[in-house]
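Work through the exercises below with the coordinates open. Each task is followed by a stepwise solution.

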Amino acid sequence: MYSVVVEHIYLLVLVTLISVLQNAFFALKVEKEGSSQNIPTSAFERVRCANRNCMDAYPTFLAVMWCAGLCLNQAPAAFAGIIYLVVRQKYFVGYMGQTSQSTPGYMFGKRILFFLLSMCIVGIFNYLLVRFYGSDYKEYVETITGAASALLLIP
Amino acid sequence: MYSVVVEHIYLLVLVTLISVLQNAFFALKVEKEGSSQNIPTSAFERVRCANRNCMDAYPTFLAVMWCAGLCLNQAPAAFAGIIYLVVRQKYFVGYMGQTSQSTPGYMFGKRILFFLLSMCIVGIFNYLLVRFYGSDYKEYVETITGAASALLLIP
Amino acid sequence: MYSVVVEHIYLLVLVTLISVLQNAFFALKVEKEGSSQNIPTSAFERVRCANRNCMDAYPTFLAVMWCAGLCLNQAPAAFAGIIYLVVRQKYFVGYMGQTSQSTPGYMFGKRILFFLLSMCIVGIFNYLLVRFYGSDYKEYVETITGAASALLLIP
């Protein structure tokens with residue numbers, strides 16, 4: 001039974017592991033910045049704020065990615081998850097820059113979360129269609145989703 | 001295999017999606033309040049604090065709701081999740097009110113989380129009973145849980 | 001179908017429930033400390049900071065534990081989770097101590113998270129081996145993991 005389960009989630013697990021490693025990287029940055037200076041500086045404040053904003057959005061991201069992967073297909077969900085992690089890395093690095101630089105806002109990766117959210121809705125809608133009408137458009141939907149996930153690469 | 005999985009979790013996925021939309025609503029409120037005034041005001045502080053308290057409790061809520069839904073039955077768990085989201089909305093709106101108003105405390109929705117927690121415990125206990133004694137009270141338990149979830153509506 | 005699912009996750013659910021109870025304990029401490037004094041004191045600041053650090057790491061812990069339990073075996077994952085909760089309790093209590101005492105850093109439980117992370121990687125690697133070569137080392141891997149989890153007890 002295990003192999004059946006792992007077959008459908010191993011890409012999601014991989015993305016989760018990468019996100020955990022990224023979290024550890026962020027936490028190490030915070031710890032290093034906090035311990036190097038005794039007086040809290042603006043650099044420490046910025047790193048701490050960036051880490052907090054990233055952590056605030058982390059459960060939301062995990063929940064949406066796993067729901068999308070379970071309801072529809074794991075490959076586009078994992079791909080969108082990877083893109084999200086890249087965006088988050090850019091956001092964190094951008095926050096650590098100089099103050100003169102335009103600081104990023106509170107939110108990031110809105111487009112990717114919206115894409116994953118619509119994947120969930122399509123998956124549930126497809127399930128209800130199958131249940132009540134017996135017609136299955138799942139293959140078409142998966143093809144369209146796979147093609148649409150390529151659009152996320154456009155900046 | 002997918003349809004089998006989706007059949008047992010689609011209500012939970014729906015509640016998760018609604019909670020994600022609510023999170024986005026909270027985050028938009030914080031961003032709007034933060035960008036409109038350059039000087040951090042008490043209104044911004046209050047919104048930020050309310051958002052933080054909600055986000056602190058969010059992973060706990062998700063974990064308990066999914067465990068309850070997987071161990072016992074998804075319908076009462078999803079219903080309790082909806083009630084929790086309504087309570088959270090009230091909490092957030094109440095936090096944004098005037099300072100003269102009685103500010104809500106740090107925690108909220110204790111009763112609902114307690115209900116979900118006891119659902120988990122009942123589910124695991126039921127599984128252990130089935131495993132070691134072979135007697136299955138699952139149907140009775142599900143009926144009782146469904147009836148008990150209506151009690152949550154009482155304020 | 002439910003019994004099959006619950007059989008493979010019930011230990012993970014139990015550890016999740018214990019962690020939720022611990023979260024509630026932390027939140028009660030914060031609420032009690034915040035309401036007892038009107039003027040924010042250093043004790044309140046410390047409790048709040050400890051709670052925040054614990055909550056920051058909580059989604060990461062949950063994600064890694066569940067992935068490890070699903071990919072490989074639930075028993076070592078749940079055991080490592082219990083150890084993590086003990087470490088977290090010690091961390092929280094240590095934070096509430098006197099200021100003269102050496103305050104703990106930002107991170108804790110690094111070794112346990114690393115152990116769970118490597119469990120995930122071993123599980124996925126094992127799945128890929130089975131898929132492409134047809135050889136299954138899962139039993140050996142599970143024995144080794146079970147033995148290695150005992151090493152976590154060494155302080």
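A salt bridge here is a side-chain nitrogen of Lys or Arg within 4 Å of a carboxyl oxygen of Asp or Glu. The model is predicted, so local features need pLDDT of at least 70 and side-chain atom pairs pLDDT 80 or more, while totals for chains, interfaces and linings use all residues. Residues are numbered from 1 along each chain as its sequence is written.

**Exercise 1.** Find how many salt bridges cross the interface of chain B and chain C.

*Solution.* Apply the rule across the interface: 1 salt bridge is found. Next, name the partners: B:Asp56 pairs with C:Arg52. Their closest N and O atoms are 4.0 Å apart.

**Exercise 2.** Determine which elements of chain B give two or more residues to the side that touches chain C.

*Solution.* Take helices as DSSP runs (H or I, at least four residues). Helix 1 (2-36), helix 2 (42-71) and helix 4 (110-133) of chain B qualify.

**Exercise 3.** State how many residues of chain B and chain C are in contact, and what area is buried.

*Solution.* Count contacts (heavy atoms within 4.5 Å). Now take the buried area (accessible area, 1.4 Å probe, lost by two parts on being put together, summed over both). It is about 2300 Å² between chain B and chain C, and carbon and sulfur atoms give 74% of it.

Key:
Chains lettered and ligands numbered in written order. Heavy atoms only, no water.
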